[in-house]
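This report is an introduction for a reader new to the model. Please look over the sequence and structure shown here before reading on.

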Amino acid sequence: MKNPQNPFITVGYAGPKWFCDRKEETKSLLQSIENGLSVTLTSIRRIGKTGLIRHTLSQLPKSHIGIYLDIQPAENLNDFLNIMATAMINCLPEKSKPGKVIWDFIKKLRPVVSFEYLSGLPQVTIDPQPGNPEPDIEALLRFLDSQPNKIVIAIDEFQQILNFPEKNVDAWLRSKIQQLTNVTFIFAGSQQHLMLQLFSSPSKPFYRSTQFMKLNKIGNTEYRNFIGQLFRQGNREISEEVSDQILQWANHHTYYVQLLCSCLYSTGEPIITRELWQLEAMKLIKETETVFFNYRELLTNSQWTLLKALGTENKIFNPTSNDFLQKYHLGTSATVIQGLKALIKKELVYKDYDENGKTFYSVYDLLFQRWIQNYSSNL
């Protein structure tokens, strides 16, 4: 991998040098893989789930092959097939022995191979005959299962299969996966309620078929040290106090920490001060303001009022309490319950649990939250 010009990565995975902590989580995933156990990995969006998966796959022993596929764009099983085939041919160089074996097998399915415009990586499109992708998906799985290397398949945003038009995709996929003896899986997803529905409901085919891991935010000390190290390597200074301020403002949310630090690094300033990070944070908020106004256009008045209230409060443990309803003029508890369902479905709000198991609701977009907290009186 090439060294990035800016060490604060906001998209993808650039290597272990630019990956913060997650030692225990990586160790746990590797141990599960070594023992042939599949894992269900859940988290809220943008706290490093995909980075952890890619980091884990990069740490696999040489006897293993890791394949990563993100099925968020998939709308049906045919899309799933194409994403899987593409991931397979990109996981290893074509000229390597296992890579050549994979390419030779994929070619038997008569694919159309194109190249992604920006990355230059090959993409596969398979036209299944007679319009049924299930036999080809099964063939890919059986092929991987027959390889001398241990295979690890990480499927990101796995809950997307619930939106496929084909019936009982989870049952069909489970029936094929449970026949495999040489393949382990990481099923990852950011819509935690749907992932729990898939893997913890006794009526679902994937019930208790995996180990569970919930990814939480990175600890303050580890992240502070990481931030300081990367700035020092770029001949820039940042105090522990300023690092802590950034972490507090970003609520320890990986994406927003990385985004703000990336902007600060790009300024080229030799010393990162409180005034500088606050200026860059305000720029980020203002640059995204159009998106926030669009939220208002997409929501009903009651949903918009509820979203503003949630943004103002950070976390809400009892959204139907009289105090909360009256403080923000939210109407009845029934209105709030309906509003929460709509906001969760639109992925503007998420439901989670604190360290004591108490349920809370919070706004997904931290920049929106900070915008609301700064300008709510004008909205």
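## Basis of the model

The model is predicted; local features need pLDDT of at least 70, side-chain atom pairs count only at pLDDT 80 or more, and totals for chains, interfaces and linings use all residues. Residues are numbered from 1 along each chain as its sequence is written, and side-chain values use heavy atoms, with hydrogens and water left out.

## Nonpolar cores

A nonpolar core is a set of buried Ala, Val, Leu, Ile, Met, Phe, Trp, Tyr and Cys residues joined through side-chain atoms within 4.5 Å; buried means under 20% relative accessible area with a 1.4 Å probe, protein chains only. The largest such core has 57 residues, and Ile 227, Phe 231, Trp 249, Leu 307, Leu 310 and Phe 368 touch the most other members. Helix H10 (residues 254–266) gives the largest share of this core, 8 residues. Helices are DSSP runs (H or I, at least four residues) and strands likewise (E, at least two), numbered from the N terminus.

A second, separate core has 43 residues, including Ala 74 and Ile 161.

## Helix H3

Of the 14 residues of H3, 10 are buried, so the helix is largely enclosed by the rest of the structure. Among the buried residues are Phe 80, Met 84 and Ile 89. The buried residues of H3 pack (heavy atoms within 4.5 Å) against elements including strand S2 (64–70) and helix H5 (134–145).

## Largest pocket

A pocket is an open set of points on a 1 Å grid over the protein atoms alone, where a 1.4 Å probe fits, with protein on both sides within 12 Å along at least five of seven lines; lining residues have an atom within 4 Å of a point. The largest pocket is lined by 34 residues, with Thr 10, Val 11, Gly 12, Thr 50 and Gly 51 nearest its centre. Helix H2 supplies the largest share of this lining, 4 residues.

Conventions. Buried < 20%, exposed > 50% of the residue type's maximum accessible area, 1.4 Å probe, protein only.
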